[in-house]
Amino acid sequence: MLGQRSFFHLGGEGTSSTHMHRILHVNEVVLLNAGRNRRSPSLCGSTFQEVQAATLAADQKTWKTGIARGKDTVNSIDEVKKAQQTNNALPEFILDLMDPSKEPRLAEYSCAGLLNSAHNASLDKVLCSLARHAATRKRALALFEWLVENNHEFDERLCASMMRICSRRGQHGRALEIYEWMRQSKDCGGAGLSCSVFTYTTAMKAAIMDKQYDYAVGIWNHAKVAIPGEMDSQIYTVLIEALDGKGDFDKAIDTFYATREKCMDKSSVMYAYTAAMTAATHGSRYEEAYRLWDDLKMQGMRPSAHAYSAIIKAHGKAGDWKSAVRKFNDMIQHGVSPDVVTCTALIDALGTNGCWNKAERILHWMQAKKINPNVRTYTALVSTYAKYGSIDKALDLFDQMYSGALGKGNVPNEYTVSILLRQLAEKGLWKDAEGIFYSIQRDAMDRKKKSAPRILLNNVIYGSMMYAYERSGCWKQALELLSLYASTQRDMSLIADNDTIIYNTALSALAKNGQMTAAEDVYADIKYPDQVTYETMIAGYGIAGNAQKAEYFFSLLEQEGMSPHDYAYCGLVAGYSIQGKFHKALHVYHRAQQAGLRPTVHLYNALIACCDRFHKYEKAIALLQEMKDNNIKGNSMTQSLKVTICTAGVRSVESQQAAITAISAAVAAAGSIMIRAGVF
């Protein structure tokens, strides 16, 4: 069916459209179908009839279910009919789309002469009505595509409604495609429309849900220039969320303070406070989150349940579960009813701090209070059991979710599976993780096994399984998994837009085990190498003692306009050190300083390990003192090196391999942090 997918099917249902947005510049988006005749806006060259065959072949059983449920569907038809003006009445074949018992007949008609811009308000109501009901939901997108195919004169509201419908269905990439198309000039095949603040906000939300945070910020920049007088509190709140998502936590908090008085009304400022507290928590700025909470209270505002959820999470992440419990009790005392969001936040706060038994009691309290746990609640508990409690408990709860015993809405999702795989990896139980992964794969392929949930083995789950192999040093299994992943993508005719993380993790597994020939092969298959890609290759060749190849990939990284992280410099230190070039290894430290990099514990560890290998103990002690002067805390690797340096007056030849191992370990430790940060 892929060859028959139309313009708005490029992103795929529920999939990322990152690749498309690599091509589209944020400020001057080049329409992908520019230069085509506007009467044929399909990017894949398919006719509407072909698209309808692929999209609208709804199952009669589904339609009958809709009819059986269906007074509300019939009422929707009546409401839309009554709302129409006589001179702007929609054709009967369009209204029939809202009746699941009737076959769609769009392909039989052209809208030329039947519809014009005066019908857009009525068309908008039809689209929204179609989207409300499962039996007719697919017809909303089909109707929109039919209007595009027939050169209908759209207005902004109609496009914004379709964007919102797509986003609510998880089709965020499609929503963004509509946004791009509606803004393009008619000469380029677009709708040539201007956007209001509502449409810009809708597009930003879709980009955030699609994890395209830079793109969301780019949309905000467009809006700021195009409609400076319309910027409201909601779009600023969404900007805070976008900055939070891209990891620009300080700017997110600054944005809140800069706009709080200027454009935030009382009805929506609570959402902004919540977004700012969330950003502060994600950035480990816990004191800032507390200040925001205190400021909110000083303004005389009554915190919402979501605001309480944000501050509970802040206390949990800060390691203060007792304060999280106090905030929860305070919420109840002030008449704010606990909901599944706040309860889940408390369970997560307790679980993060190892209080799995208390988290378990909160779950039982929820059930007694008729607050139904959701999949996030159970996922938080699975993570807590796996990390601090009992692996058996984690697996038992996961099995209950998987079997449907906890309700159809609580079957594991990609994050449940991913978290469990990662926790098993941290405990060295990669075979258990492997068993779960391949069991899910078998069930997903076995259409006869209707009892098993259809968990999509997407990049998140593949990435977590790859992480389990990387952590356990299973480079052969990592290669086999990568081969399976690549073949699955080919068989499904899919182009994965964010699979670089999976390849990077495989690279790390190979590099840490000295398999650089295989790593080169994997590198050659990466469509879009990123900073972690280059730095993993640098570190890999550094550990292998090949400083020249490490420098080559270092130069590639700089050619791409990227600023090397400590991981890259660690790799160079290792490469020169293992080659016996102490002064060149030490010079890397000066290169990092000249580039403006603030030395980290990992770079210091690599340098100290290098000094240890060459018996330069005075220099090693000087570096340890420099760490102390710069308030850089050592880790377990630093402590191990310190013990070696303080006890070794003379190093024997036999200890050289241990010194090399220490250098490799310092680089690998930095790399594992990079990989952990990149998996999600």
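Predicted model: local features only at pLDDT ≥ 70, side-chain atom pairs only at ≥ 80, totals over all residues.
Me: What makes Phe 437 buried?

Reply: The relative accessible area of Phe 437 is 0%, which is under the 20% limit, so Phe 437 is buried.

Me: Why is the pair of Phe 437 and Tyr 438 called edge-to-face?

Reply: Aromatic rings (Phe, Tyr and the six-membered ring of Trp) pair if their centres lie within 6.5 Å, and planes under 30 degrees apart count as stacked, over 60 as edge-to-face and the rest as tilted. For Phe 437 and Tyr 438 the ring centres are 5.0 Å apart and the planes stand at 90°, so the pair is edge-to-face.

Me: How many aromatic pairs does the structure hold, and why is the one between Phe 93 and Tyr 109 called stacked?

Reply: There are 24 aromatic pairs in the structure. The rings of Phe 93 and Tyr 109 have centres 3.9 Å apart and planes at 5°, and because that angle is under 30 degrees the pair is stacked. This pair links distant parts of the chain, as Phe 93 and Tyr 109 are 16 residues apart. Phe 93, at 5% relative accessibility, counts as buried, whereas Tyr 109, with 31%, is partly exposed.

Me: How do you know that Tyr 523 is buried, and which residues does it touch?

Reply: Tyr 523 has a relative accessible area of 18%, and since this is under 20% it is buried. Leaving aside residues up to four places away in sequence, Tyr 523 touches (heavy atoms within 4.5 Å) Leu 507, Pro 529, Thr 533, Tyr 534, Met 537, Phe 553 and Leu 556. Tyr 523 also belongs to one aromatic cluster, together with Tyr 534, Tyr 541, Tyr 552 and Phe 553.

Me: What makes the charged end of Arg 613 count as sitting over the ring of Phe 614?

Reply: A charge sits over a ring if NZ of Lys or CZ of Arg is within 6 Å of the ring centre and within 35 degrees of the ring normal. The charged end of Arg 613 is 5.4 Å from the ring centre of Phe 614, and Lys 616 lies over the face of Phe 582 at 5.6 Å from the ring centre.

Terms used. Residues numbered from 1 in each chain as written. Heavy atoms only, no water. Buried < 20%, exposed > 50% of the residue type's maximum accessible area, 1.4 Å probe, protein only. Helix = DSSP H or I, 4+ residues; strand = E, 2+ residues; numbered from the N terminus.
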